[in-house]
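This report looks at some backbone details and helix contacts. The structure is shown below.

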Amino acid sequence: MAFSLTGQPAFIEFSRANFFFFPLQYLSNTKMSDQSRSNLLLFFDRPTEPCFMQKGDDAIFQLPDNFYPDKYKTVSSTLANRFGENAQRSIPVRNIALPDLSLPMELPYNDQFSLFVPKHRKMAGKLIDIFMGMRDVDDLQSICSYCQMRLNPYMFNYCLSVAILHREDTKGLNIPTFAETFPDKFMDPKVFRRAREVSTIVPVGNRLPLVIPQNYTAADSDPEQRVAYFREDIGINLHHWHWHLVYPFDAADRAIVNKDRRGELFYYMHQQIIARYSAERLCNNLGRPKRYNDFRSPIEEGYFPKLDSQVASRAWPPRFAGSTIRDIDRPIDQIRSDVSQLEIWRDRFLQAIETMSVTLPNGRQMPLDEETGIDVLGNLMESSIISRNRGYYGDLHNMGHVFISYSHDPDHRNLEQFGVMGDSATAMRDPIFYRWHAYIDDIFQLYKNKLPPYPAERLDFPGIRVSSIGIEGSSGANLLNTQWEQSTVELGRGLDFTPRGSVLARFTHLQHDEFNYVIDVNNSSGSDMMGTVRIFMAPILDEGGNQLSFDEQRRLMIELDKFTEALPAGTRTIRRRSLDSSVTIPYERTFRNQNTRPGDPGSAQSAEFDFCGCGWPHHMLIPKGTDRGYPIVVFCMISNWNEDRVIQDLVGSCNDAASYCGIRDRKYPDRRSMGYPFDRPTPASSITDFMTPNMAVQQCTIRFTNATRQRGQQG
Amino acid sequence: MVDVVDSLKLLFDRPNEPMLSPKGDDNTLFQLTEQFLNEDYMNNGIEINNRYGEMANKVIPLKELSQLPQFNLARRLPADAEFSTFLPAHQEMADEVIDELLSVPENQLQDFLSLCVYARVNLNPQLFNYCYSVALMHRKDTKNVPIQNFAETFPSKFMDSQVFAQARESAAVSAQGAPRVPIIIPRDYTATDLDVEHRLAYFREDIGVNLHHWHWHLVYPFSARQRQVVDKDRRGELFFYMHQQIIARYNGERLNNALARVKKFSNWDEPIPEGYFPKLDSLTTSRGWPPRQANMVWQNLNRPIDGLNITVADMQRWRRNVEEAIATGIAQRADGTTQALDIDTLGNIIESSILSPNPQLYGALHNNGHSFAAYMHDPTHRYLESFSVMADEATTMRDPFFYRWHAFVDDLFQRFKESTHVRSYTRSELENPGVQITSARVESSTGGQNTLNTFWTQSDVDLSRGLDFSNRGPVYARFTHLNHRPFQYVIDVNNTGNARRTTVRIFIAPKFDERNLPWALSDQRKMFIEMDKFVIPLNAGQNTIVRQSTQSSVTIPFEQTFRNLSQQGNDPRQTDLTSFNYCGCGWPQHMLVPKGTEAGTQYDLFVMLSNYDLDSVNNPDGSTLSCVEASSFCGLKDKLYPDRRSMGYPFDRPSSTAANIQDFILPNMFRQDITIRLQNVTEQNPKNPTN
């Protein structure tokens, strides 16, 4: 592939320059005042309003004259005075020598931006490089104020986010939730018209929250609509966006990409998405997602996103039912690729799995071993720049997204931008996302199927016996309750060019009643032990109402929690709150809790309150279930911590959603294969057959009540 | 006290904003009472309205309505839905509202104002705007209330959606002292030249062309509870002729762009190769207009929400019945009797309007064709999608399919004109004894003879009236459109008879077809576009007739499409001149002349001086006409169509004798070779506010 090669040499050069030069300077400049660090967060406020206008609740940037864009240059002093009058806090911006911004400037201000587009990756790489290379926070602030008024807002935000996440002197600075900066990527644009009306007409005290409609993208006559609550959930889409922010597949600085077991995590996180989506479908009388494995046949599912891009001022293009992907030739995005290329890459993967070895650029074969094979495959598949042979195995997963997102305008004749599949913040809205990833997952499973089953000694934990697992919920044992809940999100930050003031919007999402896991353990070894408790859930019946075979069921296992627990000799009952799940992040991180935020909405203080955005949204922990009660099996295993553990210091890092997201700057906190013990085939014919004494199962029921409650009224 | 006409004008301002806040540039506020609040502001509306009242420059009190209208149907359309008169359900809603607005007794304008405010508060903004415009146009006491330029009140229907984000920025920042720099709308934003159809984008997406079409349908609604609103002189024939001329003009432009004439859409099971991605957003619904991909196929429609449940087979049945009527020359009435088919009836049948003699039998071929084309992406409302640009009068001409569909519709009319039921013109119907044209030519203002020069112009439109919820003050968008150097026709006539009147008819057509061969008259007659038609006195002996291109009976003045935004243009006396309603309808002056080519395209200029005795209509005194600019396409308000001949005469039917245009020429006619040359330069409109 031409494009994947073209970008690389340039990247490597930039990153070298930085990495030999800058770390020293970081050290000398880490004592920035917190105020000036948090001023950086003001650049996330109202992304398309020029930064000489009011930012946040009270601040204004004092720009050097030469920073004003040409159209405002002649009146820069007027504008500075007029906007300055209203501001309580004036932030002086240092006049620095500007670096060469010509490459990132090539992306028009009003275009869409996607990391799936190679040219955009290259431009973003350069901009990240520039941000990473600024000597100190003040210089970073200067370059940001210059760029904010000129560069494409999506790209600017992405690059600034990556820089803040990875610079030493901005550590601990937490970027505001993407859904508030760019609410247009997450909700029906009708809300914005009304938000504009409210913010113009209604005085601040009298404002009622707007209601964001649910089920606005299709009617019930479209069966796929039954799972729209999952696909279009704000939290789920934020999770996916955030995951790709933490794990970019391309960056000038290789260390940003080359994180511990990132290839394997790519496999596992997406495998879990498919397992969860499959369970939701089964709850809604739909079959498991059909793999998108024939690139030549039409895609039955249409999707009409009904989103508007605030920056591009364009509606996101729909995909009509029955569209087929076509050869792409879009010089503007530097993409030229044929559908047959996808097939060639796919065949090379199949061959690699067949022979359990991959071909390296020098022609040598590298075996895919039991421990690291999946990581190697994951990096090849995604693909990221740490792919062992991108020239040969190509870019299957990313290009699948690209082909689908351009199926409506493959040669750019209609000047159309990509569909929702081209943006990690919106891709999960589209039914085809799951069909594509079901296929990707299937290829990974082909590899997993070649591995030997876990022998009993790799499953058992001698001396430890789990006698039972149960669910202790508000309405009885082994019963999980779900229903709709309405929560609020703040729109004021994303409503450019409207009067200031908070505008809340209320949206509806799935929610479950919180519960406890109750696990009875017996330690007969006579000494204190440490164990890793692993809790999963899976459906019992298939789409035809028949018992799932164990081999199918294990692929549907959803990880609910994983934690380390001391096991004193003797019998013990472990109680674990569902809220503490290692998979999810609390509600407050997905949508900042309006009641508990310190400071006023939109203020810098509140933006900083403990935010680690990556993680499955807690309100989606449990599948929806059914009115009559959906049967599931809950599985618990306690494995030997001595074989699981990774020795590292976890102080000060956010690690409460480690299962799907890993831990920032640390190793993945579990030495086992991700998905263990269900990641491999087994000769067992049923789950009871599979079990060793350190495991237990319990059949439970998920009951859905078709009612809506307001957040805060647990009941 | 604000004049009631001025108050009515303000109801066009910022159509998506509630009535609580001030309207117009003068910060004028309607003082609302409980009666005029909708659900959204039931609790705090009065309080908010009063707060604005403290700051308002002028306050308009409203007379209480003694009886509130029900609007049982019209209320069902949500405020944020799309509205289209092509949809039966929407049409019924509009009929209800128009009926209500027309039934306020004449000269009770305070009541009318209150009723309109009530309607605006409670109804969908687009529905209101349409009904309100129709009512103003058809009430006797509101004749001097100008219909606002639709492109200014609903700019999102006419321009690239990207303009609006920039416009908001401009409004916000300009309010603090930044200069009001026009927002440039790129000429090519909907497609690239990879798509051959895109060569015609300057025509299809022209703001004036689309305004014309919208306005035409406002003047000629096809349904209403009060029959006289629909039943205008020769409206069916005008439906045929106005659209025939659009197709002729479009085909001419296609030839200028090295494309063949448009292929009629005749096989309804066939995929449509032309895709269209409008890149417009609706400010009312907050949705993008759905695109159509290449190779989509008509689907049976079942959308209860729009009152549509029709199949392609229904269309085929209606088509067979219409073709039967054309072949036999007889139309079946609903009561079982028959009538001889004429072009006016055929127009009403095909469109169809409520004047159709038998809607059951003949269906609504033309209207439903728009609906089929507009819903290919979501025929059963499964995706909760609204219609595409094809179903909105203000946007439909943007889509290449509009022309394919109207080429089919036109072909039905032409087959009638070519049938034995329409007699060819006899010599006596064509000649004008004693009148001989000795020469005819065009003289361009730039000096050339028999050469018309076209070029590109950039003109500004003020968006601020349509920019809901943003700071006040003008926001300009700058368009690039085709234009031509003004020119004049000079015709030398020898009148050997007495002094008399004559009708001068001027047409042009390309000289060669798409194969670069000379035309047969049977084809070329469909390519002639009307440039002007006017009545003048002829003295006995030699006459020289000089007529300016800007006087054309086809077009409306440039300023009506693009308001004069310069300093002089703000003079109120100036704006009055162009504020008459009917004047809004008409082909835009800047599109009068086809584009031509840079090398120069050969055209036939055809001039005819017809026998006025056969042309004249018995209209009551013509001096009361407030506006006559574009009678050829739009007729005259409350009057007979000002020409007794068949529309399109003398080219509306085949000739029984002439094989080509040369054979056709009689002494009272003249044919002259002319050239249309494009200068590929872009100039600023001198009336733009800043340059």
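## Cis peptide bonds

In this predicted model, B:Ser352 sits in the loop that lies between helix 13 (343–351) and helix 14 (359–362) of chain B. The peptide bond joining B:Glu351 to B:Ser352 is cis, with omega about -15 degrees.

Chain A also has a cis peptide bond, which joins A:Glu382 and A:Ser383, with omega about -15 degrees. A:Ser383 belongs to the loop between helix 17 and helix 18 (390–393) of chain A.

## Positive phi values

Most residues other than glycine have a negative phi, and most peptide bonds are trans. A:Arg46 has a positive phi, near 45 degrees, and is not a glycine. A:Arg46 is placed in the loop between helix 3 (34–39) and strand 1 (59–62) of chain A. With a relative accessible area of 1%, A:Arg46 is buried.

A:Met356 has a positive phi too, of about 50 degrees, and is not a glycine. This residue is in the loop between helix 16 (339–355) and strand 8 (357–359) of chain A. Its relative accessible area is 18%, and A:Met356 counts as buried because the cut-off is under 20%.

## A helix pair in chain A

Two packed helices are described by the angle between their axes and the distance between the axes. Helix 17 (residues 373–382) and helix 20 (residues 431–448) of chain A pack with axes 11 Å apart, at an angle of about 155 degrees. Angles over 145 degrees count as roughly antiparallel, so helix 17 of chain A is roughly antiparallel to helix 20 of chain A. Their crossing is right-handed.

On helix 17 of chain A, the contact is made by A:Gly373, A:Ile374, A:Leu377, A:Gly378 and A:Met381. Their partners on helix 20 of chain A are A:Ile440, A:Ile443, A:Phe444, A:Tyr447 and A:Lys448. By class, this contact has seven nonpolar, two polar and one charged residues.

## A helix pair in chain B

In chain B, the axes of helix 9 (residues 207–219) and helix 11 (residues 235–256) come within 12 Å and cross at roughly 180 degrees. These two helices of chain B are therefore roughly antiparallel to each other.

Helix 9 of chain B contributes B:His212, B:His213, B:Trp216 and B:His217 to the contact, while helix 11 of chain B contributes B:Leu238, B:Phe239, B:Met242 and B:His243. The contact has four nonpolar, four polar and no charged residues.

## Chain A as a whole

Chain A has 26 helices and 21 strands. Its radius of gyration is 26 Å, close to the 27 Å that the globule rule gives for 715 residues, so chain A is as compact as a globular protein of that length. Of the 715 residues of chain A, 65% count as buried.

Notes
Residues are numbered from 1 along each chain as its sequence is written. Chains are lettered from A and ligands numbered from 1 in the order in which they are written. This is a predicted model: local features need pLDDT of at least 70, side-chain atom pairs count only at pLDDT 80 or more; totals for chains, interfaces and linings use all residues. Side-chain values use heavy atoms; hydrogens and water are left out. Axes are lines fitted to C-alpha atoms, for helices over the stretch in contact, and angles run from 0 to 180 degrees between N-to-C directions. Helices (H or I, at least four residues) and strands (E, at least two) are DSSP runs, numbered from the N terminus. Angles under 35 degrees count as roughly parallel, over 145 as roughly antiparallel, 65 to 115 as roughly perpendicular and the rest as oblique. A crossing is left-handed if the near helix is turned anticlockwise from the far one by less than a right angle, and right-handed if clockwise. Contact means heavy atoms within 4.5 Å. Ala, Val, Leu, Ile, Met, Phe, Trp, Tyr, Cys and Pro count as nonpolar, Asp, Glu, Lys and Arg as charged, and the others, Gly among them, as polar. The radius of gyration is taken over C-alpha atoms; the globule rule is 2.2 Å times the number of residues to the power 0.38. Buried means under 20% relative accessible area, exposed over 50%, partly exposed in between (1.4 Å probe, protein chains only).
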